[in-house]
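Subject: Structure for you to look at

Hello,

Here is the structure I said I would pass on. My notes on it follow below.

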Amino acid sequence: MRSTTADDPTPHARATAPRRQFLQTLGAGAATLLALDVLESLAAAPAAAAPPPAAPAVQATTPGPPPAGGPDPAPQDVLVRMRADLERALRKPATQRQWVMVIDLRKCVGCSACTIACVAENKLPPGVVYRPVVEEELGTYPHVTRRFLPRPCMQCDNPPCVPVCPVAATYKRPDGIVAIDYDRCIGCRYCLVACPYNARTFDAGERYTDGTPETSPVERLPAFEYGQRRTREHDASPVGNARKCHFCTHRLEAGLLPACVSTCIGRATFFGDASDPDSLVSELVAKPNVMRLKEELGTQPRVYYLL
Amino acid sequence: MKRALYVLWAVAFALGAWGVWERLTLGHRLAGYGSYVVWGLWVSAYIYLVGLSAGAFLLSSLVYVFGLQRLERIGKLALFTAIVTLLVALLSIWFDLGHMARFYRVFTSPNFSSMMAWMIWLYTAYFVLLLAEAYLAFRPDLVRWSRDAARTPIQRVVARWLTLGRTALDPATVAAEGRAVRILGTIGVPLAVAFHGGVGALFATVSAKLYWHQSIVPILFLTGALVSGGGLLTAVVAFAWAPRDDAWRQLTALLGRLLLVLVLVDVLLEWAEFSIPLWYGTSPEGHLLRQVLWGPYWWVFWIVHLGLGTAIPTILLVARGRDPIAVGTAGLLVAATFMSVRLNVVIPAQLEPALRGLERAFVGPRLVFQYAPTVHEWLVTLFVLTVGAALFWLGARILPLIDAKEVVR
Ligand code: SF4
Ligand code: SF4
């Protein structure tokens with residue numbers, strides 16, 4: 001990474017400022033992601049092989065499965081539970097999985113680690129974002145409070161973005177994920193206007209390091225969305241396409257949780273298979289304080305919020 | 001005067017070509033639209049131009065289908081106008097695609113639940129029909145031109161080429177072709193209505209945008225097409241018609257009255273469009289309408305659309321309805337300023353974040369709920385318009401747009 005350029009005082013002030021910001025956030029995001037993946041796989045190892053010394057340090061957020069006899073005071077990290085849920089789901093035929101996401105708004109601290117982890121994971125260019133954290137300020141000074149609402153793609157069960165596509169490039173998968181076929185999409189952007197959550201963005205071909213002497217090597221790295229390897233070189237897809245969150249399908253297939261779930265420092269984002277009654281998400285969506293965004297539109301989102 | 005126009009065109013074309021060069025080499029990087037305001041000037045120009053096409057065609061059908069004798073002389077001109085405006089409209093929307101080379105997919109893998117796919121298939125059918133109808137309507141005159149020594153060699157060659165080898169001029173053939181033109185025109189009327197109504201429905205069916213999601217929108221698209229297409233046709237007849245005789249004066253007066261009626265009907269529908277949601281001030285799309293009326297681009301509505309495009313033409317048509325130049329000016333104003341109406345359909349709907357606070361959630365140049373066309377976008381649109389102007393110029397020179405017998409007379 002050309003940190004010297006990033007630290008230059010002003011010659012490319014306009015270009016370097018966002019670039020520096022980007023590199024920092026990207027670096028931070030990637031680091032968190034790596035660290036958490038390691039943590040996750042450590043924690044997911046059978047309890048006998050690795051007694052969890054670090055787990056108690058992380059604040060537990062759910063009761064977890066009932067302790068198998070005997071007192072078990074050490075609460076289990078939700079990531080461990082979700083990882084086990086995921087493994088179970090992956091053993092089922094793909095058509096029987098029903099991926100859902102649950103976001104606990106009381107736990108979200110508005111750190112945007114998920115947003116940045118997603119940018120790092122999917123190598124998102126400027127103008128493209130899959131999971132912004134919407135901040136709302138309520139009340140008037142001095143009685144103000146803020147609310148944070150992470151907004152991934154809702155993977156609607158009745159998705160308005162799918163029927164509008166003139167070439168059927170966007171479609172609903174059997175596991176519930178709404179996917180985009182990058183090689184088929186003509187870039188008309190009808191799906192962008194049709195999404196009632198602004199969850200789709202357009203890849204106009206830019207890079208964060210445009211206008212600087214050298215493109216950042218990070219931005220040349222391939223992304224693996226939908227299990228494909230793409231580098232955005234020479235304006236090839238996904239440049240010119242609609243892009244959106246896909247629950248990190250490529251990570252799921254590798255047995256990893258979506259990047260935003262792994263990196264959520266508040267443990268506010270949950271993910272799993274709703275068709276498995278023993279999964280954490282099945283428990284959570286049955287809570288009375290659950291809601292979905294703009295439900296009145298009939299889109300039937302697969303992202304649930306806990307209030 | 002003529003010289004100045006040529007120079008103006010050449011400069012505009014050169015600038016436009018530069019914009020196209022930028023578009024082809026730099027993709028969408030210089031465009032002002034992005035991830036939240038996703039459709040901009042080019043989409044607006046597209047619906048404006050297809051509106052002109054559908055409007056001109058529907059007026060030509062007055063001649064061929066409803067046998068409006070007094071308008072007979074402009075039948076072919078109207079058809080030609082419809083073809084040229086459709087062609088340049090497609091050029092405009094083509095530049096807007098993220099992947100220009102993939103446009104054919106709308107034919108090879110269409111998804112018929114999509115209103116966009118329907119619109120594309122309908123205007124393809126409409127285009128084929130326009131070509132067939134124009135061929136049959138022009139053919140007798142083309143045959144005459146190809147044999148007419150008074151024509152320039154180029155005119156004769158082009159005319160001969162365009163007859164596609166059918167040179168029969170006997171009354172039976174000509175009459176049969178006349179009937180065929182009428183049949184095609186009759187099919188064309190519902191097709192043009194469906195096609196341009198479909199353009200309106202493309203917007204109106206999007207439930208995510210309350211500003212578009214209204215039943216009156218496709219109807220407004222149709223009246224808009226008739227108004228703008230009628231204005232353009234009126235202007236072309238008033239300014240570009242060769243013999244400035246009595247017939248010309250009568251024709252422009254008739255077109256002027258027709259245009260006046262269309263303008264007034266459109267005003268009525270627009271009143272409905274604005275007054276109903278705004279009346280009690282509580283409708284969900286109300287603030288977007290207020291944005292159109294009193295926002296930073298208020299002048300687009302009040303000055304360009306209502307002032308230049310509605311009030312002044314209405315005054316001209318009422319007060320000077322017998323003066324061809326005044327009527328032509330009115331038509332030109334109506335047609336040219338109608339772009340403001342199209343912009344006011346496309347842009348405002350996209351200015352509202354789907355969730356409050358989204359505009360501040362993750363910031364970046366393409367993640368804003370604001371839009372103004374960039375110089376690059378204007379240049380590309382300039383290119384599209386200069387291509388249209390060139391096609392008109394060419395057509396007026398090498399095609400018998402006006403009946404041969406008229407010119408002889
Ligand atoms: S949130 Fe938007 S992009 Fe995602 S499935 Fe629903 S309509 Fe489609
Ligand atoms: S932008 Fe791509 S995915 Fe979206 S509607 Fe157009 S072709 Fe389909």
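This is a predicted model: local features need pLDDT of at least 70, side-chain atom pairs count only at pLDDT 80 or more; totals for chains, interfaces and linings use all residues.

A:Thr209 is placed in the loop of chain A that runs between strand 6 (201-202) and helix 6 (217-220). Its side chain is in polar contact with the side chain of A:Glu219, at 2.7 Å.

Next, the ligand. Ligand 1 is surrounded by 14 residues. The closest of them are A:Cys153, A:Met154, A:Cys156, A:Cys161 and A:Cys195. Sorted by class, this shell holds 11 nonpolar residues, two charged and one polar.

Then the interface. Chain A brings 51 residues to the contact and chain B brings 44. About 3800 Å² is buried between the two chains, with 57% of that area from carbon and sulfur atoms. On the chain B side, B:Arg29, B:Leu355 and B:Phe362 supply 17% of the area that chain B buries against chain A, more than any other three residues.

There are four salt bridges between chain B and chain A. One of them joins the side chains of A:Glu136 and B:Arg356, at 3.0 Å from N to O. Helix 4 (105-108) and helix 5 (115-147) of chain B each supply at least two residues of the side that touches chain A. Helix 5 of chain B gives the largest share, three residues. By class, that side of chain B has 22 nonpolar, 13 polar and nine charged residues.

Regards

Methods
Residues are numbered from 1 along each chain as its sequence is written. Chains are lettered from A and ligands numbered from 1 in the order in which they are written. Side-chain values use heavy atoms; hydrogens and water are left out. Helices (H or I, at least four residues) and strands (E, at least two) are DSSP runs, numbered from the N terminus. A polar contact is a pair of N or O atoms within 3.5 Å; within protein, one must be able to donate a hydrogen and the other to accept it, and residues adjacent in sequence count only if both atoms are side-chain atoms. A residue is near a molecule or strand if one of its heavy atoms lies within 4 Å of it. Ala, Val, Leu, Ile, Met, Phe, Trp, Tyr, Cys and Pro count as nonpolar, Asp, Glu, Lys and Arg as charged, and the others, Gly among them, as polar. Contact means heavy atoms within 4.5 Å. Buried area is the accessible area (1.4 Å probe) that two parts lose on being put together, summed over both.
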